[in-house]
Amino acid sequence: MPSFSLRKKLPRFSIIVPTYNRSRFILPTVESALRQTRQSFEIIVVADGCTDDSEGVVKRKFGRAIRWINLPKHSGSQSAPNNAGIQAARGTHVAYLGHDDIWSPHHLELLETVFENGSPDFAVSGCIYHGPPGSRYYQFTGLFDDPATAFREFFPPSSIAHRRDLIARIGSWSDPLEIKPPVDCEFLLRAAHVGCGFKSTNAITVHKFAAGHRYLSYRWPSGEEQRQMLEAFRSPTAESRVLTRIMRDILGGATAAKIPHIDFDLFPPGELFQRNLCAKGLRQPAIEELQGRRAFAMDNSPAGLDWFPLETNPRHGQFRWSGPNPNPCYFLPIACANPLRVQLRILEFAEESLASALTLELNDQPVTIEMKSDPDDAFKFRAVVPGPIRTGLKVQFHLPHNVWRRDHSPARFAGLALSQIEVEP
């Protein structure tokens, strides 16, 4: 690995990678930065008060190829790490890379070309959001010709770069509790409103695996999607093959959408930030010892792409459809020293065959499930998980696929309608 501290010239890009307790799962992301065709950069990994082994993992793998900074306390936001990274940066330009995203090898090369040809304030690369495996869900952003697109469309930090001295003009990244939009939306909208120019590479070089789309992803992290994408980029024709595969999926009916800005004035300061923390699993209720039989009704807590918003059945009460992720999970904040009987009440499946195809894991262990239909037309699935249970119960559903339901409003890929989970020692 090259040692960027030994370079005679200042780097063109300072790559800031904010992270929190990502451990070995951050390695594919950093590797994708090191594989860039343009090598005038430094990588600064800024930990948001990490308490795990991330520092040791990163330093053993990359040595002096990266700089490591760990902030004294955890803020829960990328704002503090990004600001610290900018303060430590030596490059003329700043590029951001989310700790669970992957750059194609030509990402910095294309951003550099944009800066050389037009000197905009921001260079923006095209980005694909990949939904959880099997979800057939994509979002696209960053491909535009009209600079005013920045007022209408969100560009994730992993797809942008700007001159380092621009911060003196537009200000630092904001405290998430003091603003209504998420910090990345607010940063770009603030820049657009003070007159900053935006220009796109009009090429997709960012593959984003958003933690907020993966319910409780910080509680149960994984780097498998990132590793597979990194491996896909090893051959010279990899980028075109990856994009061709995605386009075939979309032509076959997969969801593809843009990412417009919503009306952030509908929310009080900090609410969207807190909701995102809940979806990621960074804010969970305290674990309670189970005293006896207890029924958990569905609530409307943020659940990424695992569960659609809460609905009400006039006969059975509240329920939530799963989807578009065909492998959704649900978490119960309980502890129990003994084996636990679990009963799931499912009102409906999006397709009749899915009822017999459902499999279940409890705390990552496959379990045998018993199914029966109730007289009131609901389904009940029963299983037993061995004790003790100390840190909560993870209920993981597995369906072979979801089904496109045009009769839903809005139409969507859905799997099962869960109304209740009952547990008993």
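**Strand pairings and a buried helix**

Tutor: Arginine 345 stands opposite lysine 380 in strand 21, and on strand 25 it stands opposite glutamine 420. The model is a predicted one, in which local features need pLDDT of at least 70 and side-chain atom pairs count only at pLDDT 80 or more, while totals for chains, interfaces and linings use all residues. Residues are numbered from 1 along each chain as its sequence is written, and side-chain values use heavy atoms, with hydrogens and water left out.

Strand 17 covers residues 340-349 and is joined to strand 21 by 7 bridges, the two running antiparallel. Strands here are DSSP runs of E of at least two residues, helices are runs of H or I of at least four, and both are numbered from the N terminus; two strands pair if DSSP finds at least two bridges between them. A further 8 bridges link strand 17 to strand 25 (residues 416-424), again antiparallel. Because 8 of its 10 residues are buried, strand 17 is largely enclosed by the rest of the structure. Buried means under 20% relative accessible area, exposed means over 50%, and partly exposed lies in between (1.4 Å probe, protein chains only).

Strand 21 (residues 379-385) is mostly covered, with 5 of its 7 residues buried. Its phenylalanine 379 is the bridge partner of isoleucine 346. Strand 21 also runs antiparallel to strand 20 (residues 370-373), to which 4 bridges join it; here phenylalanine 381 of strand 21 is the partner of methionine 371.

Another group of 4 strands forms an open sheet in the order 15-22-18-19, with antiparallel pairing. Strand 15 (329-332) and strand 19 (365-367) are its edges, each pairing on one side only. From one strand to the next, the twist averages 25°. Strand 18 (residues 359-362) is held to strand 19 by 3 bridges, and glutamate 361 stands opposite proline 366 in strand 19.

The helix to consider is helix 1. Helix 1 (residues 27-34) packs with helix 8 (residues 224-232) at an angle of about 25°, their axes lying 8 Å apart. Axes are lines fitted to C-alpha atoms, for helices over the stretch in contact, and angles run from 0 to 180 degrees between N-to-C directions. The angle makes helix 1 roughly parallel to helix 8, a term for angles under 35 degrees, whereas over 145 is roughly antiparallel, 65 to 115 roughly perpendicular and the rest oblique. Pro28, Glu31 and Ser32 in helix 1 meet Gln226, Arg227 and Leu230 in helix 8, contact meaning heavy atoms within 4.5 Å.

Helix 1 is largely enclosed by the rest of the structure, because 8 of its 8 residues are buried. Its cover includes strand 1 (13-19), strand 2 (41-47), helix 2 (54-62), strand 5 (101-103) and helix 8. Phenylalanine 41 has its place in strand 2 and is buried, with a relative accessible area of 0%. Between phenylalanine 41 and phenylalanine 144 there are 103 residues in sequence and 26 Å in space, C-alpha to C-alpha.
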